[in-house]
Every structure is written in structure tokens, then in C-alpha cells.
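Keep the 3D view open as you read.

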Amino acid sequence: MKTAHQIAIDVQSGAGSAESELERTLGVIAARNEELNVFLHVDEDGARSAAASIDARVAKGENVGPLAGVPIAIKDNMCQRGIPTTCSSRILEGWRPPYSATVIDRLLAAGAVPVGKTNLDEFAMGSSTETSAFGATRNPLDPTRVPGGSSGGSAAAVAADMTSIAVGSDTGGSIRQPAALCGLVGMKPSYGLVSRYGLIAFASSLDQIGPFAKNVMDAAILLEAIAGHDPMDSTSLPEPPPSLVAHVNDGVAGKRIALVRELVDGADPDVVASVERAVEALKDAGATIVELSIPEFRLGLSAYYLIAPAEASSNLARYDGVRYGLRVDADDVAAMNEATRTAGFGAEVKRRIMLGTYALSAGYYDAYYGQALKVRTQMIEAFKRAYLDVDLLIGATTPSVAFEFGSKTSDPMAMYLSDVFTIPTNLAGDAAVSVPFGSGEADLPVGVQLLGPGRSEAQLFAAARVLEIAEGRS
Amino acid sequence: MTSPLRREDVAHVAKLARLSLSDAELDQFTLQLGQILEHANDMSSLDLEGVIPTAHPFGLINVVRDDVVRPSLDRDEVLAMAPDAEDGRFAVPRIMGEAP
Amino acid sequence: MTLPGEWEMVVGLEVHTELKTATKMFCGCANQFGSEPNTNICPVCLGLPGSLPVLNERAVELAMAIGVALHCRIASSTFHRKNYFYPDMPKDFQITQYDLPINSGGYLDLPDGSHVSIERAHLEEDTGKSTHLGGTGRIHGADRSLVDYNRSGVPLVEIVSAPDIRSSAHARAYAAELRGILIATGASDGRMEEGSMRIDANVSVRKPNAPFGTRCEIKNLNSLRSLHRAIDYEALRQIDVIEDGGTIRQETRHWDEIFGETSTMRTKEEAEDYRYFREPDLVDLDPNQAWQDRVRNGLPPMPAERRQKLTARLSEPSQAQLEAVEVVIDLGLENFVNAAIDAGVEPALAVARAANELAAGIEMTPNLAPEAFSATVLMEQGGALSATQSKTVLGELLASGGDPKSIAKAKGFEQLSSDSLGSTVAELIEQNPDEWARYREGDEKLAQFFIGQVMKLTKGQANGKAVIAELQARR
């Protein structure tokens, strides 16, 4: 399987073609999608015409872009004009957005070929892809296990060699956790680095789009292509996109990296062992390692499971049966809203809407939502204090390797706990990357997480690259 | 924030959120939401008096756009995605009360 | 209207004004009244999944202009979501300002010298519009509704007064003065009939110096007349309830323009739980001093100052003239009046022609140059045109512009030169010696006889005043 980097070089040089790359991708999808349930929609016609146009442009001598002819999988919570966009929910089934997300426009401008929309937990609420209304996605590394979530489909697309890269979104770990469980590089960029315009909101102050890839270089190329200021998103960082690819091989010599106790406590021994080996590898590459405890991290889960549902309860109010998507008829408009929402949302989405509505409601706001916002402040300050002393943090991405289907679905709290290591980064708006390092139970991959302050993507990729090399994946 | 979640609280919240829950779902949600809120009680032990709440990760201010007209969507395309439309508008069943 | 007994009413007004921007509050769709339904809509104002709001700079500046004009403090502010389900609100929440509004703590001085405090003037977005089908076409009894989102996301400023208003006339005067200010700042066109200015009134009653009574909020008053009537009705209703031994429930009431009464919409217990929280898709608004100063320095004079200036040009103005000044200020016609006065027109005549003829054709005033107005009224004053002819010429100028002299000529208002008028008058004196004698002896009624004769001979082309001047010259 070629890397995205290699595909783009081949397509641009004429050694390969966008059309042949696409046909290979469509072939794998045809062979494996039924088993794995990765793509909810494959846009064969659109992708073929995009690939043909790229080949034509190459033939005319045009420079097509850094992702020339690279097939890419899109998480199905990003709007693509005319292409069914469901968020894996019955409530949006059949809806075709009349506009495209900024990230789609940027991908097309970089020469990428979007091939289809991938499965996710309904409205990105979940950690296993099991809450999708259209069935769970299977982990290509072990089809009896989950690929993680919520961007499980995008992770599985890359893990199954359907595409070399994919985009996902990360609200509490939804890129990093499936990346870890599927043996991929996955980054949650700094809040505001990638435009959210056209990303269907789960929790607006936490959501961020980011890349999946088999290796660091591809992830860096992809992120560089989609990052940068967008006037359509008021929370978009004002500066031009950072230079990432150029710094992938910067290494970690002279960097100070802290192993955070709260980011390994409670993890399976195999996972802890991988993190400890990663620490050694970084040390060997010239980094100074310190140990640190950041007790505020323990409160992240509580704050997150109030803030995210509160925002979600408001973001998901618009699915009311009036303008688009599902409508279940009833006598009056309020009854129609209720019937539509009751039929259209799955149990996990309802649970979070209920939780968020409660946390914001009169009499409870201060105790729950208000308190959570203050904890968020403390989390941010704790990170800032840590970064006064060190450049990056390290820990596990998830407490365990990929788990089996159904093992956590009956107990929401158990499922939520699988996000415990990834949530602090989202609350702070910072960046973090999960990189595969070592393996655990059933020889499944373990993800090591590197965390940095806002706008530290280049440093994070460089550190992740050191681990990649240490694992012999160059 | 230690008061236990009651079934009628859950029913009230469902009404606010325009969701209808069966008796079994009410019971289940009361239990599950109660557990999550109980977990959240670990925050109640903290003295956060005077801490400024954070609603945004970064402190950007004054993000504005110029007052320049941009093309609107095509009405037919928009109404085609509506569950019901009539006379160039979105059609809904009767509205029972005035807007608040 | 005076209230019975010793009752006093206490009124606070919430005035919603649509801002006169080119585009909506958070997207680039046209902010335009009267477009075909659902033609000014995009992913943002339609609340499509994935869309995000971006604040209109002009809306912020107009809100600040309102704040400056109302002597408010302009401060760092935030946006919140007000959550409730309603079909004309595409996101099922409204973006508004909550605990930190852009403008707070101002006041408005009325022409009668009274002072009304302004608590806040904050930014928010408007909703779409529903049409009710079946039944009587009103919301109650309809069997379905149709929604148009053209108005969804139009920028609004809500101006909340303190409960400083003490009568329906006072409320009306406040609303009228505020409307003048909104128009003067350029923030609004003040067209209540198009819904670009809508008023909610909080009304309670009390005995003098007693604490405030329980208030009721009357929603959506769409004219100054409705405001006046609804407040009077509501105050009397509350007095009746209290005098019958009842108590007032805090509630929201609906004004029915046809039946002339208010009725319960929602009691306090039924009030929505709006679950306000910070709008995470927008950042803080913190206008720095330079930005505020730019807005402040760009503001034209407000109505009170303009009214004072124009009134000063009239010597001992009558009540009717003061009212005419009011119309001129309201409609922003001072440039015409001032140009005419500067050109030598008597101030009272200039004000009268502007307050009547120009006001009647206000939407056509762009066709009329102030010089043309001055020239026409000057011709009238000099006797070259009769009052009727002057009005006709002004009507023509408003309709299609042009040169007053050419219009007068084309209309056949051929100016009678004083020579030809003089010879006509001389001829008539010769033909009517008895009438002339009586006139010379002081019977002024005979002047009308001669004017009538002149008019007959000249087919109405002559000017009455000029005829009298000719007669007097020969007396």
C-alpha cells in the first residue's frame, strides 16, 4: 500500500494516475466494505470525475497540489455538496447538503479525491462506532472488535488499506482513540487550526477536524492541506497554516518531555509498558524526560460530560422535522418535533441531549455547567503551568487496546471512561497526537499519546516521528 | 449538586428537549443520568469561588465580516430537502402558541 | 387618558429595531424586506447542520451608534444562545446578548423635558415569519403554517427602558422620540408597518409612591397607536382586577388590535426555561476606544438638537408651526427647509410646504433638489405662483424632478407679469366703477370680487395676493 505522499508524487510525475489509484481504492472498498461497514456512502461517480480531472490537469502540466490524486475518506459529519451526509443518524438519513464544508474545499484544492463518507457514532457521540444508526464498523485488525470512535469509519478505512488517509473529528478523543485502536497516526489539532465550517457540530467549543494516516508524514501533509484561517469560522485561528511537513524530521533533541502519571494510571499493563518504552525511545533520541502529576486531569471527564452534552443539547435542537431530514407527522408542530426527534435519535444521543438540557436548566446551571466551565479554566491553567517547565507531555491514548463489541454498550459510564486520557486536550483547546507504539492484548496495537500546547503540531509530529523510527517504521 | 436525580426531573427535561420517553426509558435514563451526575459530584468538592469560567479555549475577540451581500441558496434546492413545502415556503402542522 | 382614582401606571418599553444593514447579522444574505419568500437564505440563516455564524461589522457599528445616541456605556460584550423550539427559528435557539450587552446604562430626554433611563440596548437576531392557513388566518384555529426564513438572522437591537414611563401618551412620546433617533443614526428606517420596529410593553399600576405593582408584558405592538391603546387597556384591566379584590398575575399578554384588548399568552409558571449559555461559535466583542470614537464622530446631530435649531429660525412659532417642525424633523426634511430659508423664503412657509407637500410624497424626495424646492416656494412667496399652483409644481417635482419654471410653464401657469396683471386690474376698475368706489371706501369684501374677476379673465393664472397689491396701489 502506497503512502499518500508517494501517490501524490506518482500522480504528479505521471508515474501513476489518479484514476488507477481510485480504482484500487474502489476495489478494496468493494471487497471489504460489506464485512467492515466502513463507508456509508461511496461516491464512485464523483470520485471518478475528480480523478479524471486531476489526471487531465497533470497532463496539461499543472501542479495539482500536495495530495494530487490521493483518494481520501471523509467522516460522515462533514457536509459535502450533493453527497448524502447523515452523521450516522436516522434523523438526517437521505439529506444532501446544498453546500460543502471548508475542509472539503481545501482537500479538493490540494488535489485529493474524496471517495465517500465513513461511519461514526451517531453525531460523534461514542467511542466505538456502535451507536451508529447504520450498524457498527468492524476493526480491520480484528473484526470481532471495535475500531474505536467516534471516527471509527475513517480509522478503519485507512487500517483496511481502502485509502491511505482520512479525515475525522475529535471532540473528546474521537480521532486519537480510534487511531490508537486501529494502529494509526491520528492528530487532534489546536482548536481553530482547521475550519469547522461544514462540520456538523457535536460540541462546538471542543470539536476539531484532524487527520488519520498510516505514518506521520502523511498526517502532516494532510493537516497542512486543510489547516489555516477561514473567514467562515469565527473561532478559526487568524494566522496562515503552519509549516508541518518541513519539520517532521526535526527530532526531539533538547526537548523536555513529561510523562504524566494521570495519563497512564488505570491503563492496562501492556499499554503502560508501551508508554514506558516510548519514553526510553525519546530519551535515546536526545529528549530529557521528567515525571509529572497533573491532578486536574482527573476532573476532565466530569467537566467534559457536562460541557459537551450541554452544547450538544443546543446544537441538536435544530433537528425538528421542519426544514430537512426526517419528519414524523403529528397534529401540531410541537408534537411533530417530539415525534420526529424521538424516532430520529438513538439512545446515546438522547442520553446526552437529556444530560445537557438538565445541566443548563434553571436551578442546575451553576452546580453543573457553571462548575464545569470553572474546572475547564483550571485544566487550562494546569496545562499552562506544565508547559512552563516542559515542551510536551506523554501518556497513553487509551486505557486498553481495541475492545470487543458490546462490552461497554450497556454501561455508559464505562464507555465514557475510555476517553479519560484524551479529554483534557479538548478542554484546553490544545493539540495532541496518537502514534502506534508496541502492542498489547491479542497483539493489537497500542497508541502512545503526545500532548503539546496550542500551535505545537510541528513539534508533536516530530516527536511522533521519532517513535515511528524507533519502531522501525520509517 | 448532591441532590439525586428524580424521575420527574428526567420527564421534565425530556419535555424541554422535545423527546418522548417510554416508562422503561424514563427509569433507565433516571438511573444512568444519575450515575453520570454522581460522577460529576467530584467537582463539587472543589472550591472554585472566584475562578473565571472558560467558554472558549482561546481569547480571540472582535471577529467580524464586512457587510457585503453574498449569493443566497437556490430556493428550489432548499425546499426540495424540506419534508413539506408549499407556495415557496416550508410547511408545518398548526402552531399551538405564539413565539415566546 | 387619565386613570380613575389615584391610580398611576408604570411602564417600561422593550423596543426591537431591525438594523439597516445590507446583509444579515451572521451571514451574507441580503437584509431586505419584501423579497420573494425564502430567497434570502443560506446555510447559516437556515441553520443547516455545520453552518457557523460570523458577526456583521456594520451591525455592531449601528448598535454602537444607538448606544452613543442614547448616552449608553459601550462595553465588552458576549453572545448567548436562548434555547426554545419554534418553527420560525431555524436553529431552535436565538443568538442574543444576555448578561453582558454591548450598550447599557443610558437615557433619553423627551421634548416635554422628561427623562427615561435606558437599561440596555443589545444585539440579537430576528426570526423568520409564519403565515397561518385555514381557520381565520390567525394562529389560533389555523390547520397549518408556512414559514419564510428571509427575516431569519436579520440584525436587531433591543432597547430596554427602565420603568420610568407614566402614561400611554408618555410611552408614545418616548417611542416616537426613540424612533426619530434610530432613523437619525441610520440604524433603522423606523417602519413600524413593515415590522422593522416592534414594541413590547411592561405595564403595572400603583397608587402614588407605593411600590411597583406586578407587571404584565404585552407583546408585539406594531404601531404607536397600538402601543397607546394597549397600555391604556391593560392599565384599566389591572385596576379593575385590583379594585374587585383580585391580584395581578405576572404574565405575558397578547394585544388584539381588532378587539382592542389584551389576553393571556403565558403565565409566569408556564414561562420557558431558555437555558441561556455562551454561544461557543462566536467570540467576545470588545470595541476599543478608537472604534467607538469612529462611530461617535460619524454620528449626525440627533432630533432634539435639530428640532431646537430649526425652531430657532421661526419667530414666535405657533402650535401648528411647532407640529410642522416636528414632521420636518421626523422625516429628515431640514435640508429642504434650510435651503429655502437661506434663499429668502419665510421660515413659516418653508416649514409648512415641507411638512405638508414634501411629507405627502416622502418616498419621492430623492427626485427633488433642495434648490428646486426653494425656487418653487420663492415663486409662490413672490406671487408668481398661487398656493395651489405651487403645490402642483412641487407634486410634479417630487414625481419626476425637473426645473420649477419649466414645469410651471408647461402646466400653463404662465406667470402674469405685473404689467399685464396691472392692465387687467385697471380694465376691471373701469368696467366696475360702483364696486371700485365701495372698495375705495373701505369695503374689503370687494377685494374678493376683483380677485374673482381677475381669475375668470386669466383662467386662474393670477395670484390673489398680487391682485390685492395691484388694487391697493390704485386705491
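## From one lysine outward

A:K2 is partly exposed, with a relative accessible area of 30%. Bear in mind as you look at this side chain that the model is a predicted one. The partner of A:K2 is A:E21, and the two side chains meet in a salt bridge with an N to O distance of 2.9 Å. This pair links distant parts of the chain: A:K2 lies in the segment before helix 1 (4-13) of chain A, while A:E21 sits in helix 2 (residues 18-36), 19 residues apart. A:E21 has a relative accessible area of 8%, so this glutamate counts as buried.

Side chains of opposite charge can pair when their charged atoms come close. How many salt bridges does a search of the whole structure find over all chains? The total is 65.

The side chains of C:E334 and C:R306 meet in a salt bridge at 2.4 Å, N to O.

Now turn to C:K445, which forms a salt bridge with C:D443; the closest N and O atoms are 3.8 Å apart. C:K445 has 65% relative accessibility, and because the cut-off for exposed is over 50%, this lysine counts as exposed.

One network of them links A:R196, A:D233, C:R81, C:E279 and C:D281, and its members come from chain A and chain C.

That brings us to the contact between these two chains. Chain C contributes 29 residues and chain A contributes 38 residues. The size of an interface is often given as the accessible area lost when the parts come together. Between chain C and chain A, the buried area is about 2,600 Å², with carbon and sulfur atoms giving 59% of it. There are 14 residue pairs in polar contact between chain C and chain A, counting pairs with both residues at pLDDT 80 or more. On the side of chain C that touches chain A, the residues divide by class into 19 nonpolar, 4 polar and 6 charged. The count of salt bridges between chain C and chain A is 2. C:D92 forms a salt bridge with A:R323, where the closest N and O atoms are 3.8 Å apart.

Next, move to the contact between chain A and chain B, which takes 64 residues from chain A and 51 residues from chain B. About 5,200 Å² is buried between chain A and chain B, and carbon and sulfur atoms account for 69% of that area. Across this interface there is 1 salt bridge, in which the side chains of B:E77 and A:R81 meet at 3.0 Å, N to O. Residue pairs in polar contact between chain A and chain B number 16, with both residues at pLDDT 80 or more. Several helices of chain A each supply at least two residues to the side that touches chain B, among them helix 9 (300-315), helix 10 (333-344) and helix 11 (347-360). Which helix of chain A gives the most to that side? Helix 12 does, with 11 residues. By class, the side of chain A that touches chain B has 34 nonpolar, 17 polar and 13 charged residues.

What about the cysteines? Over all chains, the count comes to 0 disulfides. Take A:C87: the closest cysteine sulfur, in A:C79, is 7.8 Å from its own sulfur, which is too far for a bond. A:C87 counts as buried, at 1% relative accessibility. C:C45 is in no disulfide either, the nearest cysteine sulfur being that of C:C29, 3.8 Å away. C:C45 also counts as buried, at 4% relative accessibility.

A last stop is C:S390, found in helix 10 (residues 387-400) of chain C. At 0% relative accessibility, C:S390 counts as buried. Leaving out residues up to four places away in sequence, C:S390 touches C:R353, C:T376, C:E380 and C:L385.

Terms used: Residues are numbered from 1 along each chain as its sequence is written. Chains are lettered from A and ligands numbered from 1 in the order in which they are written. This is a predicted model: local features need pLDDT of at least 70, side-chain atom pairs count only at pLDDT 80 or more; totals for chains, interfaces and linings use all residues. Side-chain values use heavy atoms; hydrogens and water are left out. Contact means heavy atoms within 4.5 Å. Buried area is the accessible area (1.4 Å probe) that two parts lose on being put together, summed over both. A salt bridge is a side-chain nitrogen of Lys or Arg within 4 Å of a carboxyl oxygen of Asp or Glu. A polar contact is a pair of N or O atoms within 3.5 Å; within protein, one must be able to donate a hydrogen and the other to accept it, and residues adjacent in sequence count only if both atoms are side-chain atoms. Ala, Val, Leu, Ile, Met, Phe, Trp, Tyr, Cys and Pro count as nonpolar, Asp, Glu, Lys and Arg as charged, and the others, Gly among them, as polar. Helices (H or I, at least four residues) and strands (E, at least two) are DSSP runs, numbered from the N terminus. A disulfide is a pair of cysteine sulfur atoms within 2.5 Å. Buried means under 20% relative accessible area, exposed over 50%, partly exposed in between (1.4 Å probe, protein chains only).
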